[in-house]
Amino acid sequence: MSDALDASLRLMRAQAALARRFDARLGGLHGVSLADFTLLLRLGQAPGGRMRRVDLAESLGLTASGVTRGLAPLERIGLVTREADARDARVAYASLTDTGRRLLTRMRHTAEETAAEFFAAPPWGDGDIGQLSTLLTRLGGTGLPGHGDPPR
C-alpha cells in the first residue's frame, strides 16, 4: 500500500472517530449534530451573525442545496431565520436568531471541551496539535478565524 493511500485512510478514520464523538456530545447535550454546529458556528463568526446563503455554502464547502437542507431544520426550531435582501429579491441571507446565539454559546463550550478531551490523552505533546493543524491546512482544511488561516 502506498504511503499516500495509507495516510488518506488513516485521516478518514480519524475524522470519522472525531465526528462521532462530537455528534454524540452535541446531540446528547444540545440536540444538534456536528453538521448543525458547524453551520451555526460559521454564521456566528459572520458580521452581524448573518451570511448570504451562497457565501455560507462556499465557506462550508457545501452546495447551495446542501446549505438549504441544513438550514431548514434549524429554521423550524428557531435557531436561524431567513432574510431577504431589500435590494435584490434573488439574494437570501441566513441569520442567527437570539435563541440561536445563546445556544451556540453553550454548544461552543461543549465543542471546546470535546476537542480538548480528544487531544488531551498521550501521545499528544507540546506543539503536536499546532503541527497537525498546519499539515491539515496544506490539504485545504480551514479552521477558526485567527488560528493560522483567514476566514473564507
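Q: Where is serine 95 placed?
A: Serine 95 is in strand E3, residues 92–96. Strands (E, at least two residues) and helices (H or I, at least four) are DSSP runs, numbered from the N terminus. This is a predicted model, in which local features need pLDDT of at least 70 and side-chain atom pairs count only at pLDDT 80 or more, while totals for chains, interfaces and linings use all residues. Residues are numbered from 1 along each chain as its sequence is written, and side-chain values use heavy atoms, with hydrogens and water left out.

Q: Does serine 95 count as buried or exposed?
A: Serine 95 counts as buried because its relative accessibility is 5%. Buried means under 20% relative accessible area, exposed over 50%, and partly exposed in between (1.4 Å probe, protein chains only).

Q: Which side chain does the side chain of serine 95 make a polar contact with?
A: That of glutamate 83, at 3.1 Å. A polar contact is a pair of N or O atoms within 3.5 Å; within protein, one must be able to donate a hydrogen and the other to accept it, and residues adjacent in sequence count only if both atoms are side-chain atoms.

Q: And which residues is serine 95 in contact with, leaving aside neighbours within four places in sequence?
A: Gly49, Arg50, Leu79, Val80, Thr81 and Glu83. Contact means heavy atoms within 4.5 Å.

Q: New topic. How many residues are in the largest nonpolar core?
A: The largest nonpolar core has 23 residues, and Leu40, Leu43, Leu56, Leu71, Val80 and Met107 touch the most other members. Such a core is a set of buried Ala, Val, Leu, Ile, Met, Phe, Trp, Tyr and Cys residues joined through side-chain atoms within 4.5 Å.

Q: Which helix gives the most to this core?
A: H2 does, with five residues.

Q: What about aromatic pairs, how many are there?
A: Two. Rings of Phe, Tyr and Trp (its six-membered ring) pair if their centres lie within 6.5 Å; planes under 30 degrees apart count as stacked, over 60 as edge-to-face and the rest as tilted.

Q: Why is the pair of phenylalanine 118 and phenylalanine 119 edge-to-face?
A: Because the planes of phenylalanine 118 and phenylalanine 119 are at 85°, with the ring centres 5.3 Å apart. Phenylalanine 119 and tryptophan 124 also form an edge-to-face pair, with 4.8 Å centre to centre and 80° between the planes.

Q: Which residues do the ring pairs link into a cluster?
A: Phe118, Phe119 and Trp124.
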